[in-house]
Amino acid sequence: MAVQHFTPDGMVQPTPYHHVAVGTGTKHVHVSGQIARQADGTPVAPGDLSGQVAQALRNTAVGLAGAGASFTDVLRLTFYVTRWSPEKISDFMAGVESVADEIGLRLPMPPASLIGVDHLFEPDVLVEVEATALLDR
């Protein structure tokens, strides 16, 4: 396995993600910010954070697969969420949990950051997901 995820003793636990990822592969895969759109650009789950998180993760899985990778190869995830507030965490995690089995995303997730932003490139986009993976094949 090219990537090992863990949370050492002495770090905050439990969290919905691991704190550390160690990669030993040689091929880097970077998936740009994915949003809740179908391949033809049709918006998915307008106004629904949970639904948009799920679709953005599905799209991230497609990008990883295109490079011969999967979520087991992911070193790090970055989520950008518009108008973030801590009260939104349950909707956010509901989106993650609703799609995790479908896309092969193990929970807790790889190391992740959730960054609150004022807005993204279009007003209906609530979340964007970026992934970095490492392959040894």
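Guide: One definition is needed at the outset: a residue is buried when its relative accessible area is under 20%, exposed when it is over 50%, and partly exposed in between, using a 1.4 Å probe and protein chains only. This is a predicted model, in which local features need pLDDT of at least 70 and side-chain atom pairs count only at pLDDT 80 or more, while totals for chains, interfaces and linings use all residues. Residues are numbered from 1 along each chain as its sequence is written, and side-chain values use heavy atoms, with hydrogens and water left out.

Visitor: Is arginine 83 buried, partly exposed or exposed?

Guide: Arginine 83 is found in the loop between β4 and α2, and it has a positive phi of about 45 degrees although it is not a glycine. Because its relative accessible area is 48%, arginine 83 counts as partly exposed.

Visitor: In what order do the elements of the protein run from the N terminus on?

Guide: Helices (H or I, at least four residues) and strands (E, at least two) are DSSP runs, numbered from the N terminus. The protein has 2 helices and 6 strands. From the N terminus on, their order is β-β-β-α-β-α-β-β.

Visitor: What radius of gyration does the protein have, and what would a compact globule have?

Guide: The radius of gyration is taken over C-alpha atoms, and the globule rule is 2.2 Å times the number of residues to the power 0.38. The C-alpha atoms fill a box of roughly 40 × 35 × 25 Å, taken along the principal axes. For 137 residues a compact globule would have a radius near 14 Å, which agrees with the value for this protein, 15 Å.

Visitor: Where is histidine 18 found, and is it buried or exposed?

Guide: Histidine 18 is found in the loop between β1 (3–6) and β2 (20–23). Its relative accessibility is 19%, and therefore histidine 18 counts as buried.

Visitor: How far apart in space are histidine 18 and alanine 112?

Guide: Contact means heavy atoms within 4.5 Å. Not counting residues up to four places away in sequence, histidine 18 touches His5, Phe6, Thr7, Pro108, Met109, Pro110, Pro111 and Ala112. Although histidine 18 and alanine 112 are 94 residues apart in sequence, their C-alpha atoms are separated in space by 7.7 Å.

Visitor: Where does proline 108 lie, and what is the peptide bond from leucine 107 to proline 108?

Guide: Proline 108 lies in the loop between α2 and β5 (112–117). The peptide bond from leucine 107 to proline 108 has omega near 0 degrees, and this bond is cis.

Visitor: What is the peptide bond from glutamine 13 to proline 14?

Guide: The loop between β1 and β2 is the place of proline 14. With omega near -10 degrees, the peptide bond from glutamine 13 to proline 14 is cis.
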